[in-house]
Amino acid sequence: MTDTRGPQPQYEGYATGPLPGEREPAPGQAGPYHPPQAYPSPPGGTQGGGRSHGGQQGAGTAQATRRPRTGARTTPRTRKARLRVAKADPWSVMKVSFLLSIALGICTVVASAVLWMVMDAMGVFETVGGTISEATGSNEGNGFDLQSFLSLPRVLIFTSVIAVIDVVLATALATLGSFIYNLSAGFVGGVELTLAEDE
């Protein structure tokens, strides 16, 4: 067979030059080859070439350091939640209203006793009682005795009866109100509340 392709060009680099493993390093390269890095090295440098290129790596690290944006908000936003009271448990409402009405009844009895003592110390009952007895008195007998009628035991008994009635009525009305609220919440959705975090 004969070669009809004609003379082929010779590649001088591969024909006359050394192989890639036999080439000598370039004159300006004075150390092991370091491939390019996607991220800068830490400030301390690496074990191999960190000492010779310490200045360049320090400058690159300083440029690559992120700085906070001046327009960023640093004040935390107050979170808010919008909730809806869909149902009130009648049993829990009854217990809470019962305890609150008992506390209110005790406060009423104590306040009545303190008020009676203050008015008695000021002489109000004596002055008003004398005026009423003179107005209602006659020649045959004395008039109405206000001091004996508004004595401290009678005032405390009357106030205690009022406090007991208040406890019963307040508990019953609160429980009935919870039932009415549940019925109305089924139609209109209930009371909406907006809760916010304390700053």
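This note sets out numbered points on the predicted model, from its overall make-up to individual residues.

1. **Overall make-up.** The protein contains six helices and two strands, arranged along the sequence in the pattern α-α-β-α-α-α-α-β. Of its 199 residues, 14% count as buried. When contacts between residues at least 6 apart in sequence are considered, 72% of them join residues at least 24 apart.

2. **Helix H3.** This helix covers residues 90–121, 32 residues in total. From first C-alpha to last, H3 reaches 46 Å, close to the 46 Å expected at 1.5 Å a residue. Its buried residues are Pro90, Ser97, Ser101, Gly105, Ser112, Ala113 and Trp116. These buried residues pack against helix H4 (124–136) and against H6. Just after H3 comes Gly123, which takes a positive phi of about 80°.

3. **Helix H6.** Residues 152–188 form helix H6, which has 37 residues. Its reach from first C-alpha to last is 51 Å, close to the 54 Å expected at 1.5 Å a residue. The buried residues here are Val155, Thr159, Ala163, Val167, Thr171, Thr175, Ser178, Asn182 and Ala185. An α-helix has 3.6 residues a turn, so residues three or four places apart point the same way. The buried residues of H6 pack against H3. After H6 stands Gly189, whose phi is also positive, near 100°.

4. **Ser97 on the H3 side.** Ser97 lies in helix H3. Ser97 counts as buried because its relative accessibility is 13%, and the cut-off for buried is under 20%. Leaving aside neighbours within four places in sequence, Ser97 is in contact with Ala170, Thr171 and Ala174. Ser97 and Ala170 are 73 residues apart in sequence, yet their C-alpha atoms are 6.8 Å apart in space. The side chain of Ser97 also reaches two backbone oxygens: that of Val93 at 2.9 Å and that of Met94 at 2.9 Å.

5. **Thr175 on the H6 side.** Which residues does Thr175 contact, leaving aside its neighbours within four places in sequence? They are Pro90, Val93 and Met94. Thr175 itself is placed in helix H6. With a relative accessibility of 14%, Thr175 counts as buried. Its side chain reaches the backbone oxygen of Thr171 at 2.9 Å. Thr171 is in turn one of the residues in contact with Ser97, and Thr171 is listed among the buried residues of H6.

6. **The nonpolar patch.** A nonpolar surface patch of about 910 Å² is made by Ile157, Phe158, Val161, Ile162, Ile165, Leu169, Leu173, Leu176 and Ile180. Phe158, one of these residues, lies in helix H6. Is Phe158 buried or exposed? At 58% relative accessibility, Phe158 counts as exposed, since the cut-off for exposed is over 50%. The residues listed as buried in H6, including Thr159, Ala163 and Val167, can be read alongside the patch, whose members include Phe158, Ile162 and Ile165.

7. **Salt bridge Glu197–Arg79.** The model has two salt bridges. One of them joins Glu197 and Arg79, with the closest N and O atoms 2.5 Å apart. Glu197 lies in the segment after strand S2 (191–196) and Arg79 in the loop between helix H2 (54–64) and strand S1 (80–85), so the pair ties together parts that are 118 residues apart in sequence. Glu197 is partly exposed, with a relative accessible area of 40%, whereas Arg79 is exposed at 59%.

8. **Salt bridge Glu192–Arg82.** The side chains of Glu192 and Arg82 also meet in a salt bridge, at 2.6 Å from N to O. Glu192 belongs to strand S2 and Arg82 to strand S1, and this pair links distant parts of the chain, 110 residues apart. Glu192 is partly exposed, with a relative accessible area of 46%. Arg82, by contrast, is exposed, with a relative accessible area of 65%.

Conventions:
Residues numbered from 1 in each chain as written. Predicted model: local features only at pLDDT ≥ 70, side-chain atom pairs only at ≥ 80, totals over all residues. Heavy atoms only, no water. Patch = residues over 30% accessible without salt bridge, like charges linked within 9 Å, V, L, I, M, F, W, Y side chains within 5 Å. Areas by Shrake-Rupley, 256 points an atom, 1.4 Å probe, with all protein chains shown as cover. Salt bridge = Lys/Arg side-chain N within 4 Å of Asp/Glu carboxyl O. Helix = DSSP H or I, 4+ residues; strand = E, 2+ residues; numbered from the N terminus. Buried < 20%, exposed > 50% of the residue type's maximum accessible area, 1.4 Å probe, protein only. Expected span 1.5 Å × (residues − 1). Contact = heavy atoms within 4.5 Å. Polar contact = N/O pair within 3.5 Å; in protein donor to acceptor, adjacent residues only side chain to side chain.
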